[in-house]
Amino acid sequence: MIFSSNEVIAPGLVANLSPDRNRLLIGECDDLRSERITRLRAALNEAAIESPDVTEIRETIWSKLLTNMSMWCSVC
């Protein structure tokens, strides 16, 4: 689940509008802790991409979907 503000400024060119506020939430489908997620999260944090621990990844996915839908519908 990515949280990053970006804008396509030309074909094939994307500008990151919030370079200090990017978050990538990752987790296993069964919500169990795994070594691969731990290693990936450490690499992301080293690259200055915030990746906090997520206890329920599916809940995180649904929450973002509902948030995005509510913002999109308010524009209608």
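The model is predicted, so local features need pLDDT of at least 70 and side-chain atom pairs count only at pLDDT 80 or more, while totals for chains, interfaces and linings use all residues. Residues are numbered from 1 along each chain as its sequence is written, and side-chain values use heavy atoms, with hydrogens and water left out.

Start with the strands. Helices (H or I, at least four residues) and strands (E, at least two) are DSSP runs, numbered from the N terminus. Two strands pair if DSSP finds at least two bridges between them. Strand β2 covers residues 6-10 and strand β3 covers residues 13-16. The two run antiparallel and are joined by four bridges. Val8 faces Val14 in β3. Glu7 has Ala15 of β3 as its bridge partner. Together β2 and β3 form a hairpin, with two residues between them. Gly12 sits in the turn and has a positive phi of about 80 degrees.

Next, the aromatic rings. Phe3 has two charged ends over its ring. A charge sits over a ring if NZ of Lys or CZ of Arg is within 6 Å of the ring centre and within 35 degrees of the ring normal. Arg23 places its charged end over the ring of Phe3, 5.7 Å from the centre. Ring-to-ring pairs are a separate matter. Rings of Phe, Tyr and Trp (its six-membered ring) pair if their centres lie within 6.5 Å; planes under 30 degrees apart count as stacked, over 60 as edge-to-face and the rest as tilted. The count of aromatic pairs is zero.

Now the salt bridges. Side chains of opposite charge can pair when their charged atoms come close. The rule here asks for a side-chain nitrogen of Lys or Arg within 4 Å of a carboxyl oxygen of Asp or Glu. The structure holds four such bridges.

Arg36 bridges to Glu28, with the closest N and O atoms 2.8 Å apart. Arg36 is exposed, with a relative accessible area of 54%. Glu28 is buried, at 14%.

Arg33 forms a salt bridge with Asp53, and the closest N and O atoms are 2.8 Å apart. Arg33 lies in the loop between β4 (23-24) and α1, and Asp53 in the loop between α1 and α2, so the pair ties together parts that are 20 residues apart in sequence. Arg33 is exposed at 71% relative accessible area. Asp53 is partly exposed at 42%. A network of salt bridges links Arg33, Arg41 and Asp53.

Glu35 and Arg39 also meet in a salt bridge (4.0 Å, N to O). Both lie in helix α1, four residues apart, about one turn of the helix. Both Glu35 and Arg39 are exposed.

Move to helix α2, residues 57-75, where Trp62 lies. Trp62 is exposed, with a relative accessible area of 55%. Trp62, Leu65, Leu66 and Met69 make a nonpolar surface patch of about 440 Å². Patches are made of residues with over 30% relative accessible area and no salt bridge: like charges are joined within 9 Å, nonpolar side chains (Val, Leu, Ile, Met, Phe, Trp, Tyr) within 5 Å. The areas come from the Shrake-Rupley method with a 1.4 Å probe; for residues, only the protein chains shown count as cover.

The loop between α1 (35-46) and α2 holds Val54. Val54 is buried, with a relative accessible area of 15%. From C-alpha to C-alpha, Val54 and Leu25 are 6.7 Å apart in space, and they are 29 residues apart in sequence.

Finish with the backbone. Most residues other than glycine have a negative phi. Asp31 has a positive phi near 65 degrees. Asp31 sits in the loop between β4 and α1 and is partly exposed, with a relative accessible area of 33%. Ala48 also has a positive phi, near 65 degrees. Ala48 is in the loop between α1 and α2 and counts as exposed at 59% relative accessibility.

Terms used
Buried < 20%, exposed > 50% of the residue type's maximum accessible area, 1.4 Å probe, protein only.
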